[in-house]
Amino acid sequence: MTDRLSLRTAVPPTAAGGEGEAWAGPAWVPTRALGRAVLLTGLFLLLGVALGRVDLVLMAAPFAIGAAAGLRRMPRSAPELTITADEEHIVEGGHVEAAVTVSNTDVIPYDLVVLRTRTSPWLKLEQADRPFAITVPRDGWYSVQLPGDAMRWGRQPVGPAAARVAACGGLLACRPVVVEARGVRVYPVTEPFNATEAMPAAAGLVGNHRSRRPGEGGELAGVRPFAPGDRLRRIDWRVSLRTRDLHVAATLSDRDAEVVLLLDVLGEIGLSGGVAGSASVLDTTVRASAAIAEHYLQRGDRVSLLEYGAAARRLRPATGRRQYLTVLEWLLDVRPDPVEVDENDYDNVFGIHHLSSDALVMVLTPLVDPRSADMLAQLTQSGRYVVAVDTLPADAKVTGGGNWTPLAGRLWRLERENVLGRLREHGVPVVAWAGAGSLDLVLRDVARLALIPRGR
Amino acid sequence: MFKLGAQIDAARGVLAQATALPFLVRAAVALCGLIAIGVAWPAELIASQLTAPLLMLVAIYPAVAPRGRGATSSALVVVAGWIADTVGVGAHVELWRVITIATLLYLGHTLTALAAVLPYDAIVSFDMVGGWLLRAGAVVLVSAVLTVATLGLSADLAGGAFVLATIVGIACAVGATILIARLLRRA
């Protein structure tokens, strides 16, 4: 058997995949202009000598002088390209400052640098869709500023950017230099949310909510006879004088609670118009989650987040401002995460046992996928305090251009209303998200339900 | 038909996106070509209805497709016309015509090189275009001085033009060879 011929590969091997040294072609290559200059110079000289015409030789002179002047010093290194973007706390609708910088470490100036940048459609950066033609002096740099506005939450990329450089009067050109994209973190705008109702089950050791357990707190539970161990300052002197026996005021302990925000990310519905336009399901989900988390974390409660999707991402419960920042960071990575498996198999993916039995579970869902309704029913059956927040846009409609589309849309609406009704019958309160105070009535109902002794 | 409609739409999109300076650069390429042909070619052929459109097409084509071989063809057509006029028709080799043709050929060449790398919709820095034109102007000026001096010298030598062309041509050929050798060694 003969040895295999060693042929050069058509595609240069990458550094990661190839063995040995990576393929590295010359960074600078001659342009067609150089070929033209050399050809015309040679041809004119040849004709001049052949025909004995000095004028033809003189016509070659500019080409020869231009090429000699341009190529007297050759570039040695490739240009360096960097993208800088805001690292500050940017909220939807806020101002973003980004810049692409070309550095020239070479001994010759770059006569022309064509700079192109691709940016996220949700970053409205000035002139970012156009190439920039600039010049960079030797051992210098030039920065193209791209100011603009961030229109939607998420990690919005600035880049990748590419630069193509021409030097030596356009006789040499550099192979395009590409730099990776840089993400700008745009946090969701938090719609104002305020809930005055008590938590259904306060379960921690300390906090602001009155619990159902007696202890040191501010909420009066009743008056009872004095017992060994009671503090003297707890003695209710009026009752003691009236009954001629020592009585103390009993209070309920103040404790914190756990709030679980369950985000239904099985699909995206509606068209997002950014911060100033219409809101899609995920827009409403993320903005409402941020608002609810901010509210409860300010009150000292523990907040955790969980995705109802294929990845089932989870954020551990914690409290305080640090957790709020973590929640915002976690929400940046929310994206549609459909589950392709059979709906019956999905029961095993989402484990209800992950949820604390005392936690208030707020499920933000468009209630379009039947599995979401099943999940809500299962949570309620397992004894969790569940509130479903309907995130479906009011103007959501079935897309399609067929004659039967309006009818299909109406049927789908009726079916969805039927599901909502059945959920309410099973004790799952479903409320549309409307910002401040929208959940008060529902939370009050849940708190009342929690007062009923549990037992099955 | 469908393809033609798509091409018209694409052209309309290009025109809507185009910016002033890249357009002016391409217009300058076409203008250089037209004037060079006008100066170099015999007046009878330029006035002819048969050749005039063809010559205009050759002059304008590098502006439309600067990345192609149009600029080389255009320069060759200019020189062909110049030889035809001076050898065929018997026109005199005048200083202004030689300088104009050499200047316009080089300007057309260097502006085509710029147009080839300059996107039509780019936001162009004036420094870049200014620097480019300044360098081209310096080259043209040096060449013009060289032309004036050389043609004056050849007139003084009275009949030694063939010898002078040979000497200058061989010197330039040696220079060009050194240049190409440097480039090959670099690559």
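This is a predicted model: local features need pLDDT of at least 70, side-chain atom pairs count only at pLDDT 80 or more; totals for chains, interfaces and linings use all residues.
Over all chains, the count comes to 14 salt bridges. Several of these pairs are described here in turn.

One salt bridge joins A:Arg53 and A:Asp55. Their closest N and O atoms are 2.7 Å apart. Both A:Arg53 and A:Asp55 are buried.

A second pair is formed by A:Arg152 and A:Glu268. Here the N to O distance is 3.5 Å. A:Arg152 lies in the loop between strand E8 (140–150) and strand E9 (154–167) of chain A. A:Glu268 lies in the loop between strand E15 (258–264) and helix H4 (281–298) of chain A. The pair therefore ties together parts that are 116 residues apart in sequence. A:Arg152 has a relative accessible area of 13%. Buried means under 20%, so A:Arg152 counts as buried. A:Glu268 has a relative accessibility of 30% and counts as partly exposed.

A:Asp390 and A:Arg416 form another salt bridge. The closest N and O atoms of this pair are 2.6 Å apart. A:Asp390 belongs to strand E19 (residues 385–390) of chain A. A:Arg416 belongs to helix H7 (residues 405–425) of chain A.

Definitions and conventions
Residues are numbered from 1 along each chain as its sequence is written. Chains are lettered from A and ligands numbered from 1 in the order in which they are written. Side-chain values use heavy atoms; hydrogens and water are left out. A salt bridge is a side-chain nitrogen of Lys or Arg within 4 Å of a carboxyl oxygen of Asp or Glu. Buried means under 20% relative accessible area, exposed over 50%, partly exposed in between (1.4 Å probe, protein chains only). Helices (H or I, at least four residues) and strands (E, at least two) are DSSP runs, numbered from the N terminus.
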